[in-house]
Amino acid sequence: MTNKPDRSGPCILAGFALAAMLACTTPSASAHESNKRVADANALATTETASRLAPQANRRAVARAEKGPYYVDFRARTAASWGHAFVWYGKTSERAVEVAGLTPAGDTWAYVLGHLTWVPAETGASYGDLDPDYLTANYRVYLNEADAKRVFAYIKKLQASSPIWNAETTNCTGFIGDIAEYMGLKVPYRWQRPENFVNSLKEMNGGRQMVRLSAE
């Protein structure tokens, strides 16, 4: 299941208004006292504004922390045949990504033969995996550092232990399905179009964005 032919502030203003009103209703007040009232009103307005903004800022910080610094992105792209399913994985703060997927090694003949029997496989990036124009579906989930180390190690182990490809049995959707299952996600029926598989994977898991592996 791959494209083998190619290979690829109002409150602060209110504070000033309150201070001005107080100065107008107490003409006997000294300039020092008037300035003090302005400072006090400004301090109050600033404190009230900060108290309202702080929870929102905290929520955003928590949300960022919840997403975690690492991710696995289940992806599907177009191809000359049914398409191809694969994963991107890496660290959110880095532009570089790792790519893993199961494809037949060789040319068009290897792909055709792979519909009849098992053929040698490749498990890295293939043509189009890094091109967003080919993308048809994706589902990204985030992990903390400890879980990411486990998942990334599993992906590399899966790559090393997947020497063959077959369109009906050991194919690309089955490959990324193994990764999803290891991460504790619900996995749909594997022998379907890559785009449908990725969309079903996201739907079955309610679009959850954070994954935590159970402690061993």
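Predicted model: local features only at pLDDT ≥ 70, side-chain atom pairs only at ≥ 80, totals over all residues.
A charge is taken to sit over a ring when NZ of Lys or CZ of Arg is within 6 Å of the ring centre and within 35 degrees of the ring normal.

Select Arg140 and Tyr71. The charged end of Arg140 is placed over the ring of Tyr71, at 3.9 Å from the ring centre. Next, select Arg193 together with Trp82: here the charged end of Arg193 sits over the Trp82 ring, 4.3 Å from its centre.

The tour now turns to pairs of rings. Across the whole structure, a search finds seven aromatic pairs. Display Tyr127 and Tyr134, whose ring centres are 6.0 Å apart; their planes meet at 45°, so this pair is tilted. Tyr127 is partly exposed, with a relative accessible area of 26%, and Tyr134 is likewise partly exposed, at 24%.

Move on to Tyr154 and Tyr182. These two residues form a stacked aromatic pair, with 4.1 Å from centre to centre and 5° between the planes. Colouring the helices shows where the partners lie: Tyr154 belongs to helix H4 (residues 145-160) and Tyr182 to helix H5 (residues 172-182). The pair thus links distant parts of the chain, its members being 28 residues apart.

For the last stop, select Tyr70, Tyr89 and Phe152. Ring pairs link these three residues into a cluster.

Notes
Residues numbered from 1 in each chain as written. Heavy atoms only, no water. Phe/Tyr/Trp six-rings, centres within 6.5 Å; stacked < 30°, edge-to-face > 60°. Buried < 20%, exposed > 50% of the residue type's maximum accessible area, 1.4 Å probe, protein only. Helix = DSSP H or I, 4+ residues; strand = E, 2+ residues; numbered from the N terminus.
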